[in-house]
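Here is a short note for a colleague who is meeting this structure for the first time. Please keep the model open while reading.

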Amino acid sequence: MALSLSLARPAPLAVSAGAGARKLPAASLAFPAKSFFGAPLAATAASVASPLPRKPATSTSLEVVAAGKKGYKMKTHKASAKRFRVTGRGKIVRRCAGKQHLLAKKNTKRKKRLSKMVQVNKSDYDNVTGALPYLKVNRKAN
């Protein structure tokens, strides 16, 4: 199965005057011919009249979309998303601080305790859910 691809360009509507140049009549153009300064060259009643009725121009022609109509997406704070997660019952949990460095002077029992995940305090739930709007949190979980 062979596909053919045509790279030919469509012919321009009007070409500048020169040897062998073609010009289309101004009536066949979809837009009115204009002078150098932008004014129409021939302003006749037929070229000015439009078949469609025109709306009167108003200063408040822009429509404002109500905030409740358009659903905007909130962005997740990606640094917070890496630090918190939700359990199966809907609790927010985090890692304990103090387990990154200077571990030689901490005893084994303390390091083991710091390795576990702990629940975020209920007073901090608003801060965490503000940073993570799509987190499925159960506020009634113990």
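This is a predicted model: local features need pLDDT of at least 70, side-chain atom pairs count only at pLDDT 80 or more; totals for chains, interfaces and linings use all residues.

The points below go from the whole chain to single residues.

1. The chain has four helices and three strands. Along the sequence they follow the pattern α-α-β-β-α-β-α.

2. **Burial and surface.** How much of the chain counts as buried? Of its 142 residues, 11% do. The accessible surface comes to about 13,300 Å². Carbon and sulfur atoms hold 58% of that surface.

3. **Gly90.** This glycine sits in the loop between strand E1 (85-86) and E2. Is Gly90 buried or exposed? Gly90 has a relative accessible area of 6%. Buried means under 20%, so Gly90 counts as buried. Leaving aside neighbours within four places in sequence, Gly90 is in contact with Lys136, Val137 and Asn138. Asn142 is 52 residues from Gly90 in sequence, and the two C-alpha atoms are 9.4 Å apart in space.

4. **Leu102.** Look next at the loop between E2 and H3, where Leu102 lies. Leu102 is not a glycine, yet its phi is positive, at about 55°. Its relative accessible area is 52%. The cut-off for exposed is over 50%, so Leu102 counts as exposed.

5. **A positive patch.** Which residues gather in a patch of positive charge on the surface? They are Lys105, Lys109, Arg110 and Arg113. Lys105 is placed in the loop between strand E2 (92-95) and helix H3 (108-115). With a relative accessible area of 66%, Lys105 is exposed.

6. **The salt bridge.** How many salt bridges does the structure hold? It holds one. The side chains of Asp126 and Arg139 form it, at 3.1 Å from N to O. Asp126 lies in helix H4 (residues 125-131) and Arg139 in the segment after H4, so the pair ties together parts that are 13 residues apart in sequence.

7. **Exposure of the two partners.** Asp126 has 54% relative accessibility and counts as exposed. Arg139, at 47%, counts as partly exposed.

Notes: Residues are numbered from 1 along each chain as its sequence is written. Side-chain values use heavy atoms; hydrogens and water are left out. Patches are made of residues with over 30% relative accessible area and no salt bridge: like charges are joined within 9 Å, nonpolar side chains (Val, Leu, Ile, Met, Phe, Trp, Tyr) within 5 Å. Accessible areas come from the Shrake-Rupley method with a 1.4 Å probe; for residues, only the protein chains shown count as cover. A salt bridge is a side-chain nitrogen of Lys or Arg within 4 Å of a carboxyl oxygen of Asp or Glu. Lys and Arg count as positive and Asp and Glu as negative; His and the chain ends are not counted. The place of a charge is taken as NZ of Lys, CZ of Arg, CG of Asp or CD of Glu. Helices (H or I, at least four residues) and strands (E, at least two) are DSSP runs, numbered from the N terminus. Buried means under 20% relative accessible area, exposed over 50%, partly exposed in between (1.4 Å probe, protein chains only). Contact means heavy atoms within 4.5 Å.
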